[in-house]
Amino acid sequence: CDACFLGMRRPLAYECKDCHGRQLIPHPMYRYQPSVSEFGTTSWACHGRCQKFTLWRILPNQVCLIPPGDAPEEWGDNYLETARQRVLEARRSPMMQGVFSH
């Protein structure tokens, strides 16, 4: 399918909702996120601590890698600024230290 082809050519990093681990996923999971800061509605297998199917959200530093015109319309025009705010908040959170360091 077109989504699989896009994801295999350009896997992006996502955050697991359950364990907050990071993982490259060869599918455009951002398409299933209601907003850039919310976790999606479609599951994918977590290869981290969870070892189960869970929900994902794209890492803020990966948002700029989404092909032009492929971000969900629901995200609006300001989604890059929202992603930037997520990075700033995460840097202040002791639990998330190192998660957004790439």
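In which loop is Gln 51 found? In this predicted model, for which local features need pLDDT of at least 70 and side-chain atom pairs count only at pLDDT 80 or more, while totals for chains, interfaces and linings use all residues, Gln 51 is found in the loop between E3 and strand E4 (53-54). Residues are numbered from 1 along each chain as its sequence is written, and side-chain values use heavy atoms, with hydrogens and water left out. Helices (H or I, at least four residues) and strands (E, at least two) are DSSP runs, numbered from the N terminus.

The backbone of Gln 51 has a positive phi of about 55°, although Gln 51 is not a glycine. Most residues other than glycine have a negative phi.

In soluble globular proteins, nonpolar side chains tend to be buried together. When residues up to four places away in sequence are not counted, Trp 75 touches Tyr 30, Gln 33, Pro 34, Ser 35, Val 36, Ile 58 and Ile 66, contact meaning heavy atoms within 4.5 Å.

A search of the whole structure finds one cavity of 30 Å³ or more, and the volume of the largest cavity is about 40 Å³. A cavity is a set of points, on a 1 Å grid over the protein atoms alone, where a 1.4 Å probe fits but cannot get out, and its lining residues have an atom within 4 Å of a point; grid points are joined across faces, edges and corners, and a volume is the space filled by probe spheres set on the points. The lining of the largest cavity consists of Leu 6, Gly 7, Arg 10, Leu 12, His 27, Pro 28, Tyr 30 and Pro 67, which divide into five nonpolar, two polar and one charged. Among these lining residues, Pro 28 is found in the loop between strand E2 (22-25) and strand E3 (44-45) and, at 3% relative accessibility, counts as buried. Leaving aside neighbours within four places in sequence, Pro 28 is in contact with Ala 3, Leu 6, Gly 7 and Tyr 14.

The loop between E2 and E3 also holds Thr 41, which counts as exposed at 59% relative accessibility and touches Tyr 32 and Leu 55, not counting residues up to four places away in sequence.

With a disulfide taken as a pair of cysteine sulfur atoms within 2.5 Å, the count comes to zero disulfides. Cys 16 is in no disulfide, and the nearest cysteine sulfur, that of Cys 50, is 3.5 Å away. Cys 16 counts as buried, at 0% relative accessibility, whereas Cys 64 is exposed, with a relative accessible area of 58%.

Definitions and conventions: 1 Å grid on protein atoms, 1.4 Å probe; cavity = no way out; pocket = protein on both sides within 12 Å on 5 of 7 lines; lining within 4 Å. Nonpolar A, V, L, I, M, F, W, Y, C, P; charged D, E, K, R; others polar. Buried < 20%, exposed > 50% of the residue type's maximum accessible area, 1.4 Å probe, protein only.
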